[in-house]
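Student: I would like a close look at a single part of this model, taken slowly and with the cut-offs spelled out.

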Amino acid sequence: MGSGATGPVGRVWQLRAGVRAYGLIVMMWIRSTMTYRASFAMTTFGNFAATAFDFVTILLMFAHTEALGGYSLPEIALLYGLAGTAFGLTDLLLGSVDRLGRRVRDGTLDTLLVRPVPVLAQVAADRFALRRLGRVFQGLLVLGYALVVLDVDWSPLKVLMLPLAVVSGAAIFAAVFVTGAAFQFVAQDAAEVQNGFTYGGSTLLQYPPTIFAKELVRGVTFVVPLAFVNWLPALYVLGREAPAGLPGWLAFLPPVVAVGCVGLAGLAWRVGLRSYRSTGS
Amino acid sequence: MAVAVEVTGADSTGAGPGPGFIEVDAVEKVFSVRRRGASRLRREKHEVRAVDGISFRVARGEMVGYIGPNGAGKSTTIKMLTGILTPSGGRLRVAGIDPARERTRLSYRIGVVFGQRTTLWWDLPLRDSYRLVHRMYRIPDARYRENLARCVELLDLGELLDVPVRQLSLGQRMRGDIAAALLHDPDVLYLDEPTIGLDVVSKAEVREFLRDLNAERGTTVLLTTHDLTDIEQLCKRVMVIDHGRLMYDGELAGLHEVGRSERTLVVDLERAAAPIELEGVRVVKVEGPRQWLAFPASRSAAPIVTAVAAAYPLVDLSVREPDIEAVIAKMYAGRS
């Protein structure tokens with residue numbers, strides 16, 4: 001509703017219009033960034049380096065121990081690489097949706113609502129920052145290292161599992177981002193809560209589930225389903241048992257979970273936007 | 001004092017029943033605000049009627065001023081007319097479209113300028129912001145070029161097109177923003193405080209452009225402002241809103257009568273003198289050689305200035321317009 005686009009035809013139209021508008025706005029941001037080329041180069045490297053420190057932390061731990069929660073360094077690198085790449089992609093594509101609360105507060109959201117393109121596309125493309133590619137590269141690098149070093153008994157299914165996990169993982173993170181943004185329609189200062197789930201969640205996933213309490217693992221499986229981003233598919237690839245006594249077939253569910261999450265996030269967004277339009281802020 | 005104030009000055013062109021380009025019927029907007037109640041922990045719900053049953057019609061091609069003190073409900077009305085907010089009650093139509101239900105369809109028909117929130121791209125040349133509008137609104141190429149050329153000429157933007165927006169002055173940016181809102185040929189232009197913060201020259205430029213736009217293209221214009229001069233120079237019709245209700249709808253001169261508002265003539269004489277005595281003029285304050293003379297806003301200042309100059313050694317003078325808050329306060333006082 002809102003834009004009068006109801007029914008499947010309206011939805012498809014909205015999706016196409018949204019993607020097109022997203023592209024247009026992203027190009028504007030890239031051109032804005034390119035007016036400061038040196039700054040762009042430095043911040044991209046900075047982004048790469050800052051996220052790389054996460055992995056350096058893990059390397060330092062392995063200087064003192066053979067295994068972490070029963071996992072070897074290459075195994076953890078696989079977990080890290082999958083989560084890092086998936087999160088990096090989401091952060092690149094819609095990392096600025098958490099600025100929504102600020103837009104509600106200062107009233108600039110209204111300027112987006114009088115344009116003929118979906119608001120979510122405009123908010124997602126807001127402050128698009130190519131420098132966030134640094135995080136994606138770093139994730140891919142660690143993933144590459146893991147795949148070279150790991151001694152895995154590869155099967156077609158296991159090979160397929162990796163790209164599927166990255167794409168599904170990115171979609172799950174996207175859903176968390178958008179749901180968090182939708183919540184900011186009601187609570188404008190909730191950006192930090194959202195960051196807890198997104199940035200916090202991605203850091204959590206860099207470590208094996210065995211080092212966390214069972215309740216937490218179940219929580220990120222069934223409540224905020226972050227476990228589907230990398231834990232469950234990666235453990236299947238490594239030939240390990242699913243964490244916290246969960247059934248093994250859950251490893252095949254990430255795409256399904258991702259679709260479900262994205263659907264729910266879309267719903268939350270619509271509810272949030274409708275509530276904004278009826279309450280003002 | 002009566003709480004319900006009837007709308008006066010019904011001589012305006014678009015008022016009354018019948019079709020209008022903008023139709024507003026008994027529109028309400030109620031916000032429920034939570035605030036801390038007597039006990040510290042429980043928050044009490046509290047209803048705020050930001051817009052409390054407003055009705056008006058605006059005909060195609062009209063230019064209407066919409067004024068009122070801060071928090072009177074001006075912005076809320078504009079937000080409902082643009083489809084940003086959904087009304088809590090009543091009926092709204094703009095160009096036959098229900099704004100809340102068909103926000104996207106409406107957006108092609110309206111242009112909106114929020115005075116203090118620019119939609120231009122800070123780090124990019126002005127031209128780039130217009131290109132985005134071009135593609136976002138899918139404006140046919142020929143049409144876009146034609147509209148841009150017209151705006152560039154009338155708003156004097158030619159030399160600014162390749163300048164990054166961050167280097168523009170406030171007045172230049174406002175002109176840029178107005179152009180951005182007009183490239184897709186809207187039928188209605190909403191302007192929220194279009195002259196706020198601008199210097200005298202920029203204000204005059206913006207007003208002149210709006211007048212031309214309205215005369216040449218027949219664009220319907222609804223503008224909110226704090227500056228009565230905007231209204232004086234642009235709008236035949238003015239609507240006053242306060243506490244969410246329409247207090248007045250009619251000509252500006254009529255508003256001054258209803259509000260019994262006064263302009264102030266400040267004169268500096270060569271030396272201190274006794275309060276000036278003139279018919280229809282009241283001395284409000286004397287401070288050495290400077291005197292403040294109040295006279296009805298509906299009267300011209302020229303004969304008064306002539307009379308003062310003839311009888312007293314005049315050094316300097318200035319005329320102060322009544323401010324909106326004062327006019328509205330007087331309207332209340334006049335009714336109690």
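Student: In which sense do β5(B) and strand β6 of chain B pair, and over how many bridges? Please describe the surroundings of that strand as well.

Tutor: This is a predicted model, in which local features need pLDDT of at least 70 and side-chain atom pairs count only at pLDDT 80 or more, whereas totals for chains, interfaces and linings use all residues. Residues are numbered from 1 along each chain as its sequence is written, chains are lettered from A and ligands numbered from 1 in the order in which they are written, and side-chain values use heavy atoms, with hydrogens and water left out.

Strand β5 (residues 110-114) of chain B pairs with strand β6 (residues 188-192) of chain B in the parallel sense, over 5 bridges; strands (E, at least two residues) and helices (H or I, at least four) are DSSP runs numbered from the N terminus, and two strands count as paired if DSSP finds at least two bridges between them. Within this pairing, B:Val113 stands opposite B:Leu191 of β6(B).

In soluble globular proteins, nonpolar side chains tend to be buried together. A nonpolar core is here a set of buried Ala, Val, Leu, Ile, Met, Phe, Trp, Tyr and Cys residues joined through side-chain atoms within 4.5 Å, and the largest one has 169 residues, with B:Tyr130 and B:Tyr190 among those that have the most contacts inside it. Helix α8 (residues 156-184) of chain A gives the most to this core, with 13 residues. Leaving aside neighbours within four places in sequence, B:Tyr130 is in contact (heavy atoms within 4.5 Å) with residues including B:Leu120, B:Tyr144, B:Leu148 and B:Leu183.

Turning to the partner chain, 30 residues of chain A are in contact with 32 residues of chain B. The rule finds 3 salt bridges across this interface, a salt bridge being a side-chain nitrogen of Lys or Arg within 4 Å of a carboxyl oxygen of Asp or Glu. A:Asp110 forms a salt bridge with B:Arg117, the closest N and O atoms being 3.8 Å apart.

Definitions and conventions: Buried means under 20% relative accessible area, exposed over 50%, partly exposed in between (1.4 Å probe, protein chains only).
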